[in-house]
Amino acid sequence: MKKLILLILLISCAVVYGQEPSGRAILERVDENYTAENHRATSTMVIKGRRATRTLQAESWIQGVDKAFTEYLSPAREKGTKMLKLGDELWIYSPSTDRIIKIAGHMLKRSVMGSDLSYEDYMEDPVLSNIYNAQLTGDENIDGRDCYILELLAKKEGVAYYRRKMWVDMERYLPLKEELFAKGGKLLKRFVIKEVFKVGKRWYPKRMVFKDVLKSGEGTEFIIDSIEFDVEIPEYIFSKASLRK
Amino acid sequence: MLALKLAYRNLKGAGLRTWLNVAVLSLAYVLIIWHQGIFTGMLKHGSRAVIEDEIAGGQYWHKNYDPFDPLSYDESHGPIPAELSSLIEDKKATPILIRQAAIYPEGRVQTVLLKGIEPGQKILGIPSASLGKEEDALPVLIGRRMARSTSLDIGDYLTIRWRDVQGTFDAVEGKIVEIMNTEVVVIDKGQLWVPLAELQKMTGMKDEATIIVVSQNVQGQKDVSDWKFKDQKFLLTDINQMVRSKRISASILYVVLLFLAMLAIFDTQVLSIFKRRKEIGTLIALGMTRRQVISLFTLEGAMHGILAIGIGAIYGIPWITFYSKIGMKVPQATEEYGFALAERLFPSYSVALVLGTVLIVMATVTIVSYLPTRKISKMKPTEALKGKIS
């Protein structure tokens with residue numbers, strides 16, 4: 001009898017060990033990759049419109065999930081434009097008018113610098129496990145990488161995208177592809193990681209493409225030129241006064 | 001009477017000089033009346049169109065609603081109070097829910113206002129009945145300006161994206177079921193009209209509204225809890241102020257016209273007094289007082305104004321009548337002014353407008369005619385008889 005119980009226990013352990021991680025666990029690993037206490041990054045945004053392509057460079061400082069500051073470095077027309085996010089408030093400074101404008105209401109629906117990202121996207125909580133319930137629905141190979149397919153459903157009211165579908169790299173825990181849906185089920189945005197790189201112990205997207213599927217154009221390419229995690233960021237960076245500096 | 005006869009004879013005697021003055025002055029009369037008639041027509045027509053299609057007998061606004069502050073739209077909605085529900089049931093009021101949304105005409109994202117209205121309402125002139133038809137997508141009614149700017153036509157489909165009451169994105173396909181030919185820009189540009197019940201369902205705002213428009217037959221409305229009543233006078237303030245400012249800017253033209261006419265009359269009077277020194281001396285010698293002579297000359301000057309009324313009437317009345325009958329084609333660019341304008345504008349004239357213009361011009365002519373004649377009071381009759389002027 002004792003031998004039988006031991007055998008059952010051993011079999012149970014083997015089954016548990018061989019099981020795939022839960023959707024929640026995968027999502028938490030994704031969040032771990034993306035979030036840090038703080039980070040500083042320089043990036044390039046290539047906006048591919050219907051008629052022309054524009055390239056913008058920016059430097060960003062991000063503290064936790066509530067504070068973010070971005071300064072555009074080029075082209076000359078956008079140089080000096082700054083964005084500050086503090087909690088659920090967003091301000092933008094334009095050097096040509098020397099004005100600080102609070103982005104709220106219908107203005108949040110506008111695209112950031114003509115890209116496929118809206119200010120609303122910029123305001124979202126980056127910790128997905130805080131706002132979504134995740135369910136593992138399958139697996140698929142994307143560009144030679146095995147991926148988990150996660151179905152994310154908003155766990156509370158007021159989340160911008162009610163449903164997301166995510167293809168998460170089984171080894172690196174990066175979502176190589178993501179689709180964002182409206183409450184009614186209509187696909188609104190698609191996000192694809194084209195290239196990744198390792199920063200310290202974590203994998204991070206190097207080159208990604210955002211596409212507002214309702215808009216024409218090829219989407220917006222976002223390239224991380226350099227990124228540093230857990231750096232010291234002076235507190236004054238996250239103040240309205242720094243917008244005019 | 002004698003002075004009148006004398007004045008008329010002298011004016012006739014001056015020949016071409018008189019008729020030139022009269023022509024310029026008559027032009028001032030006709031242009032002022034015609035131009036003011038256009039503004040009055042604009043105001044009348046604009047007010048009527050706004051009342052018919054937008055404001056009816058007045059509107060209840062949710063306490064947070066401010067049409068000039070798009071930031072207020074997200075918070076400006078609330079349940080319809082019982083007092084107003086009874087008005088709605090009696091078909092004396094109609095609720096409208098206003099939300100912000102985005103559409104994607106020709107692959108571009110465009111922010112619009114989604115306005116929910118009851119398809120069966122008869123309070124506003126909006127052809128909302130077309131929203132009541134069964135369609136395979138959300139029925140959408142737009143104005144002709146919106147249709148032009150987005151290249152949308154009846155039967156076209158468009159994707160509408162919005163946030164519900166909690167802030168979650170949702171999107172649906174809409175179908176253009178009608179393009180309304182309204183003259184009121186503020187219910188046309190950047191707006192999609194959809195069935196109220198559908199919009200309430202889409203946004204999770206059951207039985208809620210942003211504004212409630214009351215019928216023109218309902219009088220004496222007062223504020224109801226969170227809903228502030230805005231009467232017609234308040235709601236027409238913008239159009240009134242816009243027309244007033246246009247009248248003021250147009251008055252520069254009148255001042256220039258009148259100035260030219262007055263300059264001519266002033267010169268004529270100065271020349272006339274200089275040339276007729278002996279006549280002035282004779283009239284005084286024959287027993288006329290200086291005041292009577294001044295009156296005679298002033299009357300002569302002022303008679304330009306009277307003659308100008310006659311001449312102006314000869315060509316002005318047919319001209320003005322013609323335009324008030326067939327109207328004037330309004331250039332497309334004026335649609336950008338932001339207030340209701342028909343494709344043809346019909347000037348509107350009133351007795352008060354004509355009399356007012358005549359009074360102002362006559363008073364100005366009389367003053368300008370009088371000013372040079374003050375010199376007569378200083379004349380010595382003996383020297384005037386010799387043709388000298390002291």
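**A core in chain B and its surroundings**

The largest nonpolar core holds 66 residues, and Leu114(B), Val140(B), Ile160(B), Ile212(B) and Val213(B) touch the most other members. Such a core is a set of buried Ala, Val, Leu, Ile, Met, Phe, Trp, Tyr and Cys residues joined through C-beta atoms within 7 Å. Buried means 20 or more other C-beta atoms within 10 Å of a residue's own, with C-beta atoms placed from the backbone. Strand S7 of chain B, residues 169–180, gives the most to this core: seven residues. Strands (E, at least two residues) and helices (H or I, at least four) are DSSP runs, numbered from the N terminus.

This is a predicted model; local features need pLDDT of at least 70, side-chain atom pairs count only at pLDDT 80 or more, and totals for chains, interfaces and linings use all residues. Residues are numbered from 1 along each chain as its sequence is written, while chains are lettered from A and ligands numbered from 1 in the order in which they are written.

Now take Leu114(B). Leaving aside neighbours within four places in sequence, Leu114(B) is in contact (C-beta atoms, placed from the backbone, within 7 Å) with residues including Arg99(B), Ile160(B), Trp162(B) and Leu199(B). Another core lies apart, with 31 residues, among them Val30(B), Met262(B), Val293(B) and Phe297(B).

Next, the chain contact. It takes 20 residues from chain B and 22 residues from chain A. S7(B) gives the most to the side of chain B that touches chain A, with four residues.

Finally, the whole chain. Chain B has 11 helices and 13 strands. Its C-alpha trace spans about 100 × 45 × 30 Å along its principal axes. Buried residues make up 38% of the 390 residues in chain B.

How values were computed:
A residue is buried if 20 or more other C-beta atoms lie within 10 Å of its own, exposed if 12 or fewer, and partly exposed in between; C-beta atoms are placed from the backbone. Two residues are in contact if their C-beta atoms, placed from the backbone, lie within 7 Å.
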